[in-house]
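I open this notebook to record what I looked up in one structure. The entries follow the order in which I went through it.

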Amino acid sequence: MKLSTFQTLTGQARRRFIAATCAALVLAGPSASAQQATITPNYKDADLAQIVDAVSAITGKNFIIDPRVRAQVTMLSSTPMSPDAFYQAFLSILQVHGFTAVETGNIVRVIPMANARTSPSIDLPDRVSATSDEIVTQVITVRNISAVQLVPILRPLIPQEGHLVASPSSNVLIISDRANNVNRIMRIIARIDQAGDGDIDIIQLQNASAGEIVRVVNTLFTAGGGAAAEGGGGAMQVKVVADDRSNSVLITGEASQRLRIKTLITHLDTPLESGGDTQVRYLHYADSEKIATKLKEQIQGVAQAAPAGPAAAGSQAAVDRSVTIWADAQTNALVITAPPKMMRQVMSIIDKLDIRRAQVQVEAIVVEIDSDKASELGLNWAATGTDSAGNPVPLGVFNQSVGGTSLGDILRGIANPSSLTSLPNGLTLGGGRFEDAASGTNFAVILRALRGDANTNIISTPSIMTLDNEEAEIKIAQEVPFITGQYTNTTGSTTGATTGTVNPFQTIQRQEVGTILKITPQINDSGSVLMKIEQEASSLAQGTSGAVDLITNKRTINTKVLVDDGGIIVLGGLIEDNLREGENRVPFLGAIPLIGELFKTRSVKKVKTNLMVFIRPTIIRDGVDAAFETNSKYNLIRDQQLQRSNGNVRMLPGDRQPTLAPIEELTKRPAAGATPAVVTPEKPAPADNAAPTEADSGTPQRFGPR
């Protein structure tokens, strides 16, 4: 009968079936027992007590069930099971539900797992099963390591209801848990509790430093989890120590690991191909003299940072004597003599400093638009009469300069033409009566009108390229002389006879007038550029009345800005609108309508200035970016040369203007002795009616994306 059928029987029928089964097993002998003992359990949501009845009937064991042991169990099997296998499956069911079976003599008690550690179980068995779920207690003797040190290592492998404790006096471990887990713990302890080899190997080094070799070996094994990870243990099986006095390495531990480390040390103790502790390092980008100075400061700083004391002072002196660095400017190389450890530190610093630095091309636009308008209008008049004696008597005069010229200036010029050096500006209309003084009244009237308009449009686009964190300056200016002083020494007699000499002289100072751009860029990791900028744009102004020398217009910007790569930012500027209105008149008379126009002059001057300065940085990270920027500027200048008079030379038929060679020819490596600086263009120049280009019109190149 299958257990599935057995499960459906009533209690009375089930007891009869168990009794009949036991009698059949006893009477049938060994062969019959072997045949009838194979069962196929099939339980679904069955009470745990039913399974205990079946196990008791099949195995013949007597069970006592704790009242707290209650569970609904599902157990399915597709193959027949022997009584021992069925009992082991029963123990697994108890473990799943938090119970256990504890054998005491012929009685098996089914109790909660929490009470298992205080109940007698299978103590100190000769062989602990690796598949059984029985509760066993085992005492394990540890021979080579401390049992107390094993407790924190093994404790995570023991369930909460299990028990693990160490006895320091006897160096043993006591474990109480299920048999399969105890068997696993015993195997782990056997792998850890390995006897160490007491032999010590001494390797004297010939080329390498003992301390450095020990550091490399320890780093190699600890980085991979320790040498014992491959040797089968859980702790480091080998120990490596350096003796700096004899430059030797001491190795102790397991024999196979010692052999492996000795082979590694022998391989590392080889002479350097570069010639020992002295190396020559050729620099590609950095300045060897500057780098040598900085490296000496670094080495001295490391020595001074060591702990204070007599030993530290001796160590610093030893470092100063053993490390020498000097630069060879002709080959831009460093000659370094240092111990291997210091040599690696120095080489690591050089690797990070001797790199290709990015460059920055900075383009600036200075735009100035000025509008100057002036207008003047006024009347000048004079009238004279005669007195009783016939002498001329002034009757009235209104003399006011209009546009720098008045009625008096004109009359003096008429009376003495040699004093009239130049004609007055603007429009002058006049009239009057000039007769003999005795004949009556004379008068003169002039009307002067003057209008002046001036417009200025200046665009300058200086550009400059420099390395990151290097100051650069470009000047496109003239040196203009300014008189700063003069002296004249004249001596003579009162009689008019000159008895001294005249030594006139002037002191002159030259100043730069033009466009000056000074920048210091700093490239950030985000791709932006921090720039310190000094921008100056100056020019000569027209002479002003009352000025004793030249006058310059000067625009200066000193600032720091942060700009993205290829972006444009305004640095600053000026927008000024200035209006001046003036009126000169005779009091009271000038305020009379219509008649007052004879007694006043008017002037209006309006000056409007627009000045803006823009900047655009472009990061040049490699040779491709540098070639792109260079080619664009080179081709711009070459196009202007080609379009100048269509490449012809005026008044010299057949001759061509000198022109830059195509950029493609200059980028090729020329043959020895060849210098193709300028060439004569062979292709025909653009036609006269060709549309003007940006270069031909003289308009500066516009900023735009690359």
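Entry 1: The model is a predicted one. Tyr87 and Phe90 stand 3 residues apart in helix α4, so about one helical turn separates them. I recall the general rule that an α-helix has 3.6 residues a turn, so residues three or four places apart point the same way.

I then looked up how many aromatic pairs the structure holds, and the number is 3. One of them is formed by Phe63 and Phe90, with an edge-to-face geometry: 5.6 Å centre to centre and 85° between the planes. Phe63 belongs to strand β2 (residues 62–65) and Phe90 to helix α4 (residues 83–96), so this pair ties together parts that are 27 residues apart in sequence. Phe63 is buried, as is Phe90. For Tyr87 and Phe90, I find ring centres 6.2 Å apart and planes at 40°, so this pair is tilted; the tilted class lies between stacked, under 30 degrees, and edge-to-face, over 60. I record Phe63, Tyr87 and Phe90 as one aromatic cluster.

I also checked for a charge at these rings. The charged end of Lys61 sits over the ring of Tyr87, at 5.1 Å from the ring centre.

**Entry 2: helix α5.** Which residues of helix α5 (residues 147–154) are buried? I list Ala147, Leu150 and Leu154. They cover an arc of only 50° around the axis, which puts them on the same side of α5. Gln149 and Pro152 are exposed, on the other side of α5.

I next asked what covers the buried residues of α5. The cover includes strand β8 (163–167), strand β9 (172–178) and helix α6 (179–192).

At the N-terminal end of α5, I find Ser146 as the cap. A side-chain oxygen of Ser146 lies 3.3 Å from the backbone nitrogen of Val148.

**Entry 3: Thr601.** I located Thr601 in strand β26 (residues 600–620). Is Thr601 buried or exposed? Its relative accessibility is 5%, so I count Thr601 as buried, the cut-off for buried being under 20%.

I then looked up what Thr601 touches, leaving out residues up to four places away in sequence. Its contacts are Leu377, Gly378, Leu379, Asn380, Phe398, Gln400, Val402, Gly582, Glu583 and Asn584.

Terms used
Residues numbered from 1 in each chain as written. Predicted model: local features only at pLDDT ≥ 70, side-chain atom pairs only at ≥ 80, totals over all residues. Heavy atoms only, no water. Buried < 20%, exposed > 50% of the residue type's maximum accessible area, 1.4 Å probe, protein only. Helix = DSSP H or I, 4+ residues; strand = E, 2+ residues; numbered from the N terminus. Arc of directions from axis to C-beta. Contact = heavy atoms within 4.5 Å. Polar contact = N/O pair within 3.5 Å; in protein donor to acceptor, adjacent residues only side chain to side chain. Phe/Tyr/Trp six-rings, centres within 6.5 Å; stacked < 30°, edge-to-face > 60°. Lys NZ or Arg CZ within 6 Å of the ring centre and 35° of its normal.
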